[in-house]
Amino acid sequence: MTSDLPNLPDMRIPAHVAVIMDGNGRWAKQRLRPRAFGHQAGVKSARRIVRAAHNSGVKMLTLFAFSQENWQRPPIEVSLLMGLFVRTLRRELGSLHRSAVRIRFIGDHGDFPNDLTALMQDAESLTRDNAGLQLIIAVGYGGHWDIAQAASSLCRDGLPITPQAIEARLAVADLPHPDLLIRTGGEKRLSNFLLWQLAYTELHLVDTLWPDFDEAAFAAALSWYASRDRRYGRVPEAS
Ligand code: IPE
Ligand code: IPE
Ligand code: MG
């Protein structure tokens, strides 16, 4: 798979990549299979992209696995997804740990099944000191929730609400914002993902459905990123 990786100077490799892994249901529908089949294929794709990110020199990878709005899906699909998270985490944790991946979960986990929250805590504490890829999994996550929880924690402490203070209390306050956002599945929206953190992120929106998103597609996203001129409101360097 390394042959698919672009040969980019280090500074052109995004340190932090965020991904909206969308299109599992449509992928299954194309094959006349139930949505569950698409979600299972989506897990394989996630595993592939974690490895590709690691091999490409990406330092942080944030994956959107379940939004707060996804609770509104039919209960059967929600419980299927929860079961899939539990099984996947049980199966993958050992090898992620051996690869020095540090795992963290962000989101409002209040309504999650107990076995899943216990497993998430175990995964976080087991991998806490790992210095490899930082893998952040957004489950039960909403950008509005994240900003609101930061603001209310400042209110509780009687502190003024400034951009810097909010920044310091977001769900993952110690990591830089994503450099690159990849959304698969063709939609041109953020669906309440990292609203605050994506302010100056480069957006790579592709039609490929998530289960079809492979190493070559990831490499293409990195190459596209390398060609971007990030101005942050300033004028181009040469001007
Ligand atoms: C993304 O795929 C996975 C989750 C939201 C959990 P979808 O399930 O949204 O697939 P589509 O968009 O219906 O194809
Ligand atoms: C976004 O996908 C959430 C995840 C990929 C986890 P959705 O399928 O829920 O987004 P919408 O409903 O098309 O905006
Ligand atoms: Mg979708």
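Author: A polar contact here is a pair of N or O atoms within 3.5 Å; inside the protein, one must be able to donate a hydrogen and the other to accept it, and residues adjacent in sequence count only if both atoms are side-chain atoms. This is a predicted model, where local features need pLDDT of at least 70, side-chain atom pairs count only at pLDDT 80 or more, and totals for chains, interfaces and linings use all residues. Side-chain values use heavy atoms, without hydrogens and water, residues are numbered from 1 along each chain as its sequence is written, and chains are lettered from A and ligands numbered from 1 in the order in which they are written.

Reader: What makes Arg35 a polar contact of ligand 1?

Author: An N or O atom in the Arg35 side chain is 2.8 Å from an oxygen atom of ligand 1. The limit is 3.5 Å, so the pair counts.

Reader: Why does Arg73 count as a polar contact of ligand 2?

Author: A polar side-chain atom of Arg73 lies 3.2 Å from an oxygen atom of ligand 2. That is within 3.5 Å, so the pair counts. Arg73 also reaches ligand 1, at 2.7 Å from an oxygen atom.

Reader: Why is Ser191 on the polar-contact list for ligand 2?

Author: Its polar side-chain atom lies 2.6 Å from a ligand 2 oxygen, so it passes the 3.5 Å limit.
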